[in-house]
Amino acid sequence: MLVIEADGKLIGEVSFYWEEKSTRWLEMGIDIYDTQYWNGGYGTEALKLWISYLFEHLDIARVGLTTWSGNPRMIACAEKLGMQMEGRMRKCRYYKGVYYDSIRMGLLREEWLGAIT
């Protein structure tokens, strides 16, 4: 896990976990704690740096991220970084009286290397 700082204060974090380390299945996440930093590009920049770090330091072919259909900002951020929707589990999250889908996004190493060169 690494922290995200802006204006001299901690505003969030990026992290990863092994879904299954023996098969090199890695998932990442991000959390921006302070809502005043939402929609300012901080999350996109942090994830861009984090994806580069993960591909540079780990022997993985893919990085994944899971969010929910109630978080369109996260989906847009992932798409902006070249991630593709790989799966959708329908109506598996219930929040404030509404069912939402789980959205699984993924990015392959060769897609990332092609996008940044």
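1. Tyr-95 has 36% relative accessibility and therefore counts as partly exposed (buried is under 20% relative accessible area, exposed over 50%, partly exposed in between; 1.4 Å probe, protein chains only). Trp-68, at 17%, counts as buried.

2. The model is predicted: local features need pLDDT of at least 70, side-chain atom pairs count only at pLDDT 80 or more, and totals for chains, interfaces and linings use all residues. Residues are numbered from 1 along each chain as its sequence is written, and side-chain values use heavy atoms, with hydrogens and water left out.

3. There are 7 aromatic pairs in the structure (ring centres of Phe, Tyr and Trp, the last by its six-membered ring, within 6.5 Å; planes under 30 degrees apart are stacked, over 60 edge-to-face, the rest tilted). Trp-68 and Tyr-95 are edge-to-face because their planes stand at 75 degrees, with the centres 5.5 Å apart. Since Trp-68 belongs to strand β4 (residues 62-68) and Tyr-95 to strand β5 (residues 84-95), this pair ties together parts 27 residues apart in sequence (strands are DSSP runs of E, at least two residues, numbered from the N terminus).

4. Another pair, Tyr-94 with Tyr-99, is tilted, at 4.7 Å centre to centre and 55 degrees between the planes. Both Tyr-94 and Tyr-99 are exposed.

5. Arg-93 lies over the face of Trp-68, 4.0 Å from the ring centre. The charged end of Arg-93 also sits over the ring of Tyr-95, 5.9 Å from its centre (the criterion is NZ of Lys or CZ of Arg within 6 Å of the ring centre and within 35 degrees of the ring normal).

6. One aromatic cluster is formed by Phe-16, Trp-18, Trp-50 and Tyr-53.

Definitions and conventions:
Helices (H or I, at least four residues) and strands (E, at least two) are DSSP runs, numbered from the N terminus.
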